[in-house]
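Please find below a note on the model displayed here.

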Amino acid sequence: MKILYLLFAVLLFLFQAAPGSADPIFADTAECRSQGNFCRAGACPPTFAASGSCHGGLLKCCSK
């Protein structure tokens with residue numbers, strides 16, 4: 001039974017996400033976030049307006 005704990009720990013180690021392995025940062029996404037805005041798929045919330053695009057034009061940059 002002790003081998004199961006070791007196997008579980010090894011599997012968690014192998015499948016953990018490495019830093020920086022997520023989606024690449026696009027220039028428009030970095031610009032949107034640097035201005036304090038956020039990216040969102042679909043429409044922006046009611047008190048926000050779309051001020052540009054993110055993720056290569058797939059998402060909208062929402063600003064106050």
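1. Gly 52 lies opposite Cys 61 in strand E3. E3 covers residues 59-63 and runs antiparallel to E2, to which five bridges join it. Strands (E, at least two residues) and helices (H or I, at least four) are DSSP runs numbered from the N terminus, and two strands pair if DSSP finds at least two bridges between them.

2. This is a predicted model, in which local features need pLDDT of at least 70, side-chain atom pairs count only at pLDDT 80 or more, and totals for chains, interfaces and linings use all residues. Residues are numbered from 1 along each chain as its sequence is written, and side-chain values use heavy atoms, with hydrogens and water left out.

3. The three strands form an open sheet in the order E1-E3-E2, with antiparallel pairing. Strands E1 (38-40) and E2 (49-54) are its edges, each pairing on one side only.

4. Four residues separate the strands in the hairpin of E2 and E3, where His 55 adopts a positive phi near 55°.

5. Helix H1 (residues 2-15) has end C-alpha atoms 21 Å apart; this agrees with the 20 Å that its 14 residues should span at 1.5 Å a residue (1.5 Å times one less than the number of residues).
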